[in-house]
Amino acid sequence: MTDDQLIEQFLAGNLQAFNLLVWRWQKPIYNFALRFLGNAEDAHEVTQKTFIKAYKKLHTLKDRHKFNTWLHQIALNLCRDENKRRRRRTFISLDQIEPKWQSRLEKKTLPGVEGATVEKALQQMELQQILQQALERIPEEQRTVVILKELQGMKFTEIAELLGISVNTVKSRMYYGLNALRKILNQWNIDREAIYDDL
Amino acid sequence: MTCEQARSRFMDFLYEEIDAATRQSLEAHLQTCSECRQEWEGLRETRALLQKLPQLEPESRLAFTAPPRRSLAEWWRDARNLLPQSGWARAAFGTVAALLMAIVAASIVNLHIIYDHGRFEMRAHLFQSPAPVPTPELQEQLLTRLRREMSDYIAEIHAAERAAQEEKLDRILTAFARDIERLEQQRENDLMLIGQELDAIHRVTHLQFGETNQMLQQLVQQISFQER
Ligand SMILES: [Zn+2]
């Protein structure tokens with residue numbers, strides 16, 4: 001069943017139809033929030049709030065085939081709110097984090113642990129954390145576009161519509177975002193071999 | 001194509017939202033301009049890195065229910081009814097126990113049964129005993145049969161209880177769906193998130209098999225004790 005049909009059924013009074021929509025979109029929304037916020041707990045909360053809001057506002061959605069972007073729009077707004085709230089909470093300086101990455105990366109094996117599998121798994125895990133940290137360092141408007149494009153697989157036109165900006169602006173944010181990420185990764189002097197080896 | 005024009009096309013090229021003609025002239029520029037080529041390679045590598053970020057599974061599934069006319073306590077009572085009913089398990093357990101008796105009677109004692117994550121495993125050790133013991137072949141046959149029949153039973157119980165749970169959950173959801181128009185007046189807190197309840201059901205199912213396992217072990221220990 002398509003999203004349109006489920007929305008129709010939900011608006012006609014079938015709650016199960018909405019639950020199907022939730023089950024279909026929970027994972028993408030959760031991952032969007034997770035990459036945006038970098039924290040599973042907050043991402044879970046945002047996901048929950050997103051669907052509660054969607055539940056209440058679904059009757060206002062005019063283009064039903066745009067459910068995906070509409071839902072992401074809700075999630076994005078909630079993520080921004082969450083970020084504002086958090087900015088007041090804590091601030092970790094760059095100096096505190098970067099040396100940690102570097103020392104851990106230079107030390108490519110764990111003491112007493114051998115084998116390429118362990119090493120690789122460790123590198124994969126670190127790579128994820130490093131990428132997440134880098135994502136959180138670029139300006140929010142660039143990060144938003146990078147996540148929507150690269151991780152959520154949206155088209156430039158969809159992102160433009162979601163954010164209410166021109167396609168060219170989306171592309172230039174993407175361009176600056178990728179370049180900024182690259183600069184950060186270079187600054188951290190990440191061992192290219194460690195992270196590029198299985199590209 | 002100038003460098004500036006080339007850069008303005010990088011994103012289209014990177015995400016393959018580009019027409020063939022533009023692509024060709026961009027590729028031609030990259031062939032001749034090392035500065036743009038270097039930047040292009042950097043963008044490509046960064047993109048490849050980003051693609052390594054996995055899509056993670058959320059910890060629990062969300063589900064909406066509308067419990068307007070019921071109290072929370074009533075809802076919980078319904079939810080608890082979703083937990084495995086003992087009738088099925090008891091019947092199967094009886095048969096399994098009888099089978100075990102037969103094995104014990106064949107003087108196999110100290111039997112260990114392990115049920116772990118849907119896999120069923122059984123180990124038996126023979127006591128050094130003056131009593132006549134079955135031949136190793138017979139023991140093996142008996143064990144094989146027991147193992148097979150028990151895992152069949154466990155699978156059956158599992159399937160039946162899961163079906164019963166799903167049906168019941170479905171009924172509850174449908175019942176709640178009927179009251180949907182009242183939901184708007186509900187506070188946000190009243191939107192129950194069933195995900196955790198589903199997890200609980202899952203845990204209890206496992207727990208119950210764990211208990212069955214424990215009971216079987218106790219039974220075996222008792223019997224072997226009496227024999228000695
Ligand atoms: Zn150039």
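Chain A of this predicted model has a secondary structure of 10 helices and zero strands. Read from the N terminus, the elements of chain A simply run α-α-α-α-α-α-α-α-α-α. Of its 199 residues, 48% count as buried. If you look at contacts in chain A between residues at least 6 apart in sequence, 66% of them join residues at least 24 apart.

Over all chains, the count comes to 11 aromatic pairs. One of them is formed by A:F10 and A:Y55, a tilted pair with 5.3 Å centre to centre and 55 degrees between the planes. This pair links distant parts of the chain: A:F10 belongs to helix α1 (residues 3–11) of chain A and A:Y55 to helix α3 (residues 40–57) of chain A, with the two residues 45 apart. A:F10 has a relative accessible area of 7%, so A:F10 is buried. A:Y55 counts as buried too, because its relative accessibility is 5%, and the cut-off for buried is under 20%.

A:F32 and A:F36 make another tilted pair, this time with 6.0 Å centre to centre and 40 degrees between the planes. Here both partners sit in helix α2 (residues 15–37) of chain A, four residues apart, or about one turn of the helix. An α-helix has 3.6 residues a turn, so residues three or four places apart point the same way. Both A:F32 and A:F36 are buried.

Now let's follow the rings across to chain B. A cluster of ring pairs links A:Y175, A:Y176, B:F10, B:F13 and B:W40. Among its members, B:F10 and B:F13 are also listed with the buried residues of α1(B), together with B:A6, B:M11, B:D12 and B:L14. What covers these buried residues comes from both chains, and includes α8 (156–163) and α9 (167–187) of chain A as well as α2 (20–32) and α3 (34–50) of chain B.

Helix α1 of chain B itself covers residues 3–14, which is 12 residues. From its first C-alpha to its last, this helix reaches 16 Å, close to the 16 Å expected at 1.5 Å a residue. After α1(B) comes B:E16, whose phi is positive, near 50 degrees.

B:C33 and B:C36 are both buried, and B:C36 has a relative accessible area of 0%. B:C3, with a relative accessible area of 31%, is partly exposed, because that value falls between the cut-offs of 20% and 50%.

What about disulfides? A disulfide is a covalent bond between the sulfur atoms of two cysteines. Over all chains, the count comes to zero disulfides.

Technical notes
Residues numbered from 1 in each chain as written. Chains lettered and ligands numbered in written order. Predicted model: local features only at pLDDT ≥ 70, side-chain atom pairs only at ≥ 80, totals over all residues. Heavy atoms only, no water. Disulfide = S-S within 2.5 Å. Buried < 20%, exposed > 50% of the residue type's maximum accessible area, 1.4 Å probe, protein only. Expected span 1.5 Å × (residues − 1). Contact = heavy atoms within 4.5 Å. Phe/Tyr/Trp six-rings, centres within 6.5 Å; stacked < 30°, edge-to-face > 60°.
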